[in-house]
Amino acid sequence: MPAKYLIDVERKLVISEAWGALTDDDVREHFQALRADPLFDPTYRQLIDMTGITEDLVDITTKQQESRNQVFAPGVRRAWVASGDYTFGMARMYAVAAERQGQNIGVFRARRDAEEWLGL
């Protein structure tokens with residue numbers, strides 16, 4: 001699976017990373033793993049690094065479902081880093097849809113900007 005995460009309990013932060021060709025199963029498995037992890041706290045902030053994604057094979061239906069089925073608490077700051085135009089655009093579309101569920105997702109081109117927005 002071209003995705004991993006680290007839960008930093010001290011900083012109350014989930015750091016996720018995705019790379020390669022990302023599929024529907026990869027996205028679902030990532031969120032399922034977070035939900036099942038005993039260290040996961042839905043009030044933690046999240047930083048997602050998507051700069052390594054080379055191909056987005058995630059179906060629009062999966063993106064819509066996952067934007068409605070959130071694992072993070074409403075209002076929690078989540079920063080997504082996407083350097084490629086397509087990935088950045090898809091991340092923005094997801095963020096807009098997730099905002100309807102009370103999510104607070106910022107999409108950035110540079111990790112430094114995302115970390116600053118998260119207060120890191």
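Trainee: In which sense do E1 and E2 pair, and over how many bridges?

Mentor: E1 and E2 pair in the antiparallel sense, over 6 bridges. Two strands count as paired if DSSP finds at least two bridges between them. Strands (E, at least two residues) and helices (H or I, at least four) are DSSP runs, numbered from the N terminus. Please note that this is a predicted model, in which local features need pLDDT of at least 70 and side-chain atom pairs count only at pLDDT 80 or more, while totals for chains, interfaces and linings use all residues. Residues are numbered from 1 along each chain as its sequence is written, and side-chain values use heavy atoms, with hydrogens and water left out.

Trainee: Which residue stands opposite Val-14 in E2?

Mentor: That residue is Ile-7. The two strands, E1 and E2, form a hairpin with 4 residues between them, and Lys-12 in the turn has a positive phi of about 50°.

Trainee: What about Lys-4: in which strand is it found?

Mentor: Lys-4 is found in strand E1. Its relative accessibility is 46%, so Lys-4 counts as partly exposed. Buried means under 20% relative accessible area, exposed means over 50%, and partly exposed is in between (1.4 Å probe, protein chains only).

Trainee: Which residues does Lys-4 touch, not counting those up to four places away in sequence?

Mentor: Lys-4 touches Ile-15, Ser-16, Glu-17, Trp-19 and His-30, with residues up to four places away in sequence not counted. Contact here means heavy atoms within 4.5 Å.

Trainee: Now the sheet. In what order do the strands come?

Mentor: The order is E1-E2-E3-E4-E5, in an open sheet of 5 strands with mixed pairing. Strand E1 (3–8) and strand E5 (104–108) are the edge strands, each pairing on one side only. From one strand to the next, the twist averages 15°.

Trainee: How many bridges are there between E2 and E3?

Mentor: There are 9, and E2 and E3 pair in the parallel sense. One example is Trp-19, whose bridge partner in E3 is Gly-52. To get from E2 to E3, the chain crosses through helix H1 (residues 24–36), and this β-α-β crossover is right-handed. Right-handed means that, with the strands pointing away from the viewer, the path from the first strand over the helix to the second runs clockwise.

Trainee: And E3 with E4: how many bridges?

Mentor: E3 and E4 pair over 4 bridges, in the parallel sense. Asp-49 has Val-81 as its bridge partner in E4. Here the chain crosses from E3 through helix H2 (residues 60–68) to E4, and this β-α-β crossover is right-handed.

Trainee: Do E4 and E5 run parallel or antiparallel?

Mentor: E4 and E5 run parallel and are joined by 5 bridges. Ile-105 in E5 is the bridge partner of Arg-78.

Trainee: Which strands does H3 touch?

Mentor: H3 packs on the sheet and touches strand E3 (45–56), E4 and E5. The direction of H3 makes about 165° with that of E5. Axes are lines fitted to C-alpha atoms, for helices over the stretch in contact, and angles run from 0 to 180 degrees between N-to-C directions. Helix H4 (residues 111–118) lies across strand E2 (13–22), E3, E4 and E5, and runs at about 175° to E4.

Trainee: Next, the rings. How many aromatic pairs are there?

Mentor: The count comes to 3 aromatic pairs. Rings of Phe, Tyr and Trp (its six-membered ring) pair if their centres lie within 6.5 Å; planes under 30 degrees apart count as stacked, over 60 as edge-to-face and the rest as tilted.

Trainee: Why is the pair of Trp-80 and Tyr-94 called stacked?

Mentor: The ring centres of Trp-80 and Tyr-94 are 4.8 Å apart and the planes stand at 25°, so the pair is stacked. The pair links distant parts of the chain, with Trp-80 in strand E4 (residues 77–81) and Tyr-94 in helix H3 (residues 85–99), 14 residues apart. Both Trp-80 and Tyr-94 are buried.

Trainee: What kind of pair do Phe-108 and Trp-117 form?

Mentor: Phe-108 and Trp-117 form a tilted pair, 5.5 Å centre to centre with 50° between the planes. Phe-108 counts as buried because its relative accessibility is 16%, whereas Trp-117, at 23%, counts as partly exposed.

Trainee: Which residue lies over the face of Trp-117?

Mentor: Arg-77 does, at 4.3 Å from the ring centre. A charge sits over a ring if NZ of Lys or CZ of Arg is within 6 Å of the ring centre and within 35 degrees of the ring normal. Arg-109 lies over the face of Phe-88, at 4.1 Å from the ring centre.
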